[in-house]
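This briefing is about how side chains pack and pair inside one protein chain. Please keep the sequence and the structure in view while reading.

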Amino acid sequence: MLERDRIFQLIRQDILTCTLSPGEELREAELARRYQVSKTPVRDALQKLELEGLIEIEPRRGHRVRPISMSDAEDILELREILEAAVVEKIARGADADTLAQLDSLLEGEFSSIIAFAEYNRHFHTSLAHLSGNRRLAEETVRVMELYDRLAIVSLTTLSREKGLGSALADHKAIIDALKARNGSLAARLIREHVGRSKQQIIRGLNRRSLNQHG
């Protein structure tokens, strides 16, 4: 992998996992020291990340990680709902018996922290997307789930982890059961309800975070 591509992936991952926090200022010299490279690959990475919408330029101040707005969160969750309903309907119609038999393995994961759960959750939903058999649908779902991770990490740390994770796991099991029964309409309804509950938690968490920051 080329150096500029490696640095792009490292900075991108740090933004998506909130290691670089929403709204945080990004200075080329500091990032170069952080990743032990020259400013050139950092500058290239910042340009690409700006095109992706993960960072923005502030007048007279330079780059910063793009903050998470309520409207952006709602847009991401609405798009996720549309994409994932299509994913499960395609799986129910087209997956072979061996694929359906392996779905239970997607319920296994690490749940010791919000970060660990976010990784499991992304794996669950992106794995379903790849099983849809539609490459572009899968690619878009993966991209949206990466953006969703940032929402979840920022917002859900302010809420009850045990209650939220238990509800999500129960939802995942119900979705898998519907898919194994080849009931695409039920699976689509369940995943819309699942994303809807997630939306309520995230919006509540973002509101609480905003109050804490300004309190």
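The points below cover the nonpolar cores and then the salt bridges of this predicted model.

In short, the largest nonpolar core has 45 residues, and the structure holds 17 salt bridges. A second, separate core has 18 residues.

**Nonpolar cores**

- In soluble globular proteins, nonpolar side chains tend to be buried together.
- The 45 residues of the largest nonpolar core include V88, I91, L103, L128, Y148, L151 and L179, which have the most contacts inside it.
- Five helices each supply at least two residues of this core: helix 4 (70–94), helix 6 (114–131), helix 7 (135–156), helix 8 (161–180) and helix 9 (184–214).

- Side chains of opposite charge can pair when their charged atoms come close.
- R122 and D149 form a salt bridge in which the closest N and O atoms are 2.2 Å apart.
- This pair links distant parts of the chain, since R122 lies in helix 6 and D149 in helix 7, 27 residues apart.
- R122 has a relative accessible area of 25% and is therefore partly exposed.
- D149 counts as buried because its relative accessibility is 4%, under the 20% cut-off.
- D171 and R197 also meet through their side chains in a salt bridge, at 2.9 Å from N to O.
- Here too the pair links distant parts of the chain: D171 is in helix 8 and R197 is in helix 9, 26 residues apart.
- With 12% relative accessibility, D171 counts as buried, whereas R197, at 34%, counts as partly exposed.

**Other salt bridges**

- E56 and R64 meet in a salt bridge through their side chains, with a distance of 2.7 Å from N to O.
- Is E56 buried or partly exposed? E56 counts as partly exposed, because its relative accessibility is 25%.
- R64 counts as partly exposed as well, at 22% relative accessibility.
- R12, E52 and E146 are linked in a network of salt bridges.

How values were computed: Residues numbered from 1 in each chain as written. Predicted model: local features only at pLDDT ≥ 70, side-chain atom pairs only at ≥ 80, totals over all residues. Heavy atoms only, no water. Core = buried A, V, L, I, M, F, W, Y, C linked by side-chain atoms within 4.5 Å. Buried < 20%, exposed > 50% of the residue type's maximum accessible area, 1.4 Å probe, protein only. Helix = DSSP H or I, 4+ residues; strand = E, 2+ residues; numbered from the N terminus. Salt bridge = Lys/Arg side-chain N within 4 Å of Asp/Glu carboxyl O.
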